[in-house]
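Hi,

Here is the model I promised to send over.

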Amino acid sequence: MTLREKFIVPKRYNAIAITLMVIGALAIIGLYVTHGAKDDAHKQARFWGSLLQNSVYFLLVVNAAMFFICATTLAWGGWQMAFRRVSEAISTCVPVIGIIAAVILLSICFGNNHELYHWTDTEHVKHDPILNFKKGFLNKNFFAGWTIFTIVAWSVLGWKIRKLSRSIDDKPLTIEQGKKYVWNNTVWAAIFIVIFSLTVMSSIPWLWLMSIDAHWYSTMYSWYTFASTFVGGLALITLFVVFLKNNNYLELVNEEHLHDLGKFIFAFSIFWTYLWFSQFMLIWYANIPEETTYFKPRAQGIYSGIFWLMFMINFLAPLLLLMRRGAKRNYSTMTFMCLLMIFGHWLDFFQMVFPGPSPDHVPVLLWDFGVALGFVGLIMFVTGRALSRAPLIAKNHPFIKESVIHHT
Amino acid sequence: MAVKKFVTGNFYDEAVLFPAVKKVRRAGYKIHDVFTPFPIHGLDKAMGLRDTSLHTAGFIYGITGTATAVGFITWALTVDWQINFGGKPFFALPAWIPITFELTVLFAAVGMVLTFCYLCQLAPFVRKDHFNLRSTDDTFVMALECTDKTNDAEAMGFLQSIGASEVQVQYKETGWWLGRYDKETKRFGLKEEAVH
């Protein structure tokens with residue numbers, strides 16, 4: 001069997017990607033004109049909130065693709081080899097979206113608008129004992145430094161791991177070289193995981209998202225954010241795999257791999273619910289006012305519609321629709337569910353961000369959809385470019401045979 | 001249960017077993033089962049077995065557990081014995097979710113284990129017979145079921161030709177064996193006539 005290793009980006013694909021990016025740019029401009037350029041601090045916060053929500057969500061989602069590679073590498077998994085290059089290609093979006101997100105985050109942090117991040121208002125912090133207490137962590141310099149370090153570290157480590165993967169494309173390895181290569185991969189994946197756990201699984205969601213509600217805190221928050229974006233990342237990988245299969249690429253990928261991706265999405269949706277509920281239940285049970293402020297606008301206030309819709313999409317839909325074996329092996333069902341999951345967790349991020357700057361009314365989602373479409377177009381464009389630059393199959397990897405004969 | 005006649009053969013290698021299963025099915029023999037010391041991926045597909053219904057059973061058990069937990073706690077705390085816990089409503093659903101989850105898992109797990117044992121005809125004190133004891137150790141044992149039209153010698157020759165060793169004809173009682181053996185029963189492949 002000859003494998004089609006070289007992906008040629010279809011013209012229509014790029015046309016769609018660029019159209020989406022144009023829609024995104026128009027949405028951002030529109031949002032700026034109607035909100036961002038106004039004198040009202042609330043309206044400005046609406047503009048920045050939308051940028052924050054979308055850039056952070058899509059950055060964490062594309063970074064989850066690299067996490068997927070590293071986690072499976074550490075577990076010495078072989079089954080993902082057949083489509084490993086797809087997740088590698090998605091992870092090339094990290095530097096691009098990372099720069100956008102860094103610009104947005106630093107603008108919010110150092111800007112004059114304190115509606116999103118109250119703790120950036122130094123005058124206010126002086127009179128606020130809680131924020132004053134948190135000053136050692138929640139201050140502009142640490143925020144900026146840690147944000148830049150994080151994005152650079154993800155980008156550099158991702159680049160290193162992709163380079164390792166590409167380095168054996170033209171030279172088959174002997175058994176001894178293969179062992180060394182696997183070990184090398186393991187070490188770099190471990191370094192990535194350590195950085196990942198110090199950032200995505202702990203400090204980064206505190207700084208970027210939880211500090212919107214700076215008086216409130218939850219120890220579940222980072223895990224919950226991670227679970228959200230990991231489901232999104234897996235869904236994105238699956239969508240690209242299905243897209244490439246439909247275009248007669250990735251001959252080695254079959255229903256067995258799709259089944260395992262489906263299991264991952266199913267399992268992490270349940271994991272997400274577990275964290276979501278654990279965070280909710282403890283606060284509901286203790287019923288302490290400083291803790292319930294977070295859930296008041298979300299679960300019972302004007303955001304309750306989005307809150308419960310998001311819960312249904314992210315928990316009930318995968319629970320009921322992805323439970324059956326046949327559903328996970330069906331390309332149409334999986335495509336539908338992946339789109340739904342990406343949308344559902346995007347909605348989750350929406351309700352994480354907006355009740356902070358806009359507690360009295362729910363912003364019109366239409367603008368945010370536009371901005372999200374822009375990021376989707378960007379991911380399509382960058383990933384397509386990366387896919388066309390590297391062979392689609394890591395054919396010399398020592399574990400490739402495991403993936404070919406994979407059976408669930 | 002009826003005693004049936006089987007032709008059995010031992011295989012030592014997956015690489016021989018898989019093509020052999022294919023050839024046997026193509027030749028039209030009826031595979032009773034293939035006994036292996038460990039699960040072999042893809043063998044069920046190669047033998048043309050249908051998917052197990054154990055999942056469906058598990059789902060039903062799980063739903064039963066959910067309904068039991070929610071039903072009982074609701075009845076106990078809202079109807080039978082109302083207690084005010086920290087000013088919470090009597091119908092305090094979030095507080096019941098952990099118990100509901102646990103009962104779901106418990107019912108599903110226990111139910112599925114019991115169902116599995118039933119399907120595999122395993123229970124305490126049930127004496128299981130083997131076509132070949134080595135199927136619990138290091139070989140794969142294929143058993144072909146003989147019908148009226150099967151020619152033993154031909155089937156044995158065929159099994160040998162596709163890589164089986166220790167090919168033999170055996171008479172076995174199939175089905176649910178609880179309490180079916182008495183002291184005179186001959187076991188482990190000893191000869192006996194087929195009863196139809």
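In chain A, α4(A) and α7(A) are roughly antiparallel to each other (that label is for angles over 145 degrees). Helix α4 covers residues 93-110 and helix α7 residues 140-166, and their axes come within 10 Å and cross at roughly 180 degrees. Axes here are lines fitted to C-alpha atoms, for helices over the stretch in contact, with angles from 0 to 180 degrees between N-to-C directions. Helices are DSSP runs of H or I with at least four residues, strands are runs of E with at least two, both numbered from the N terminus. Among the contact residues are Leu105(A) and Leu106(A) of α4(A), plus Ile151(A) and Trp154(A) of α7(A) (contact: C-beta atoms, placed from the backbone, within 7 Å).

By the way, this is a predicted model, where local features need pLDDT of at least 70 and side-chain atom pairs 80 or more, while totals for chains, interfaces and linings use all residues. Residues count from 1 along each chain as written, and chains are lettered from A and ligands numbered from 1 in the order written.

Over in chain B there's an open sheet of four strands, ordered β2-β3-β1-β4 with antiparallel pairing (pairing takes at least two DSSP bridges). β2 (30-35) and β4 (165-173) are the edge strands, and the twist averages 25 degrees from one strand to the next. β2(B) pairs with β3 (residues 140-145) over five bridges, and Lys30(B) sits opposite Glu145(B). Helix α5 (residues 152-161) of chain B lies across β1, β3 and β4, at about 20 degrees to β1(B).

Cheers

Definitions and conventions. Angles under 35 degrees count as roughly parallel, over 145 as roughly antiparallel, 65 to 115 as roughly perpendicular and the rest as oblique. Two residues are in contact if their C-beta atoms, placed from the backbone, lie within 7 Å.
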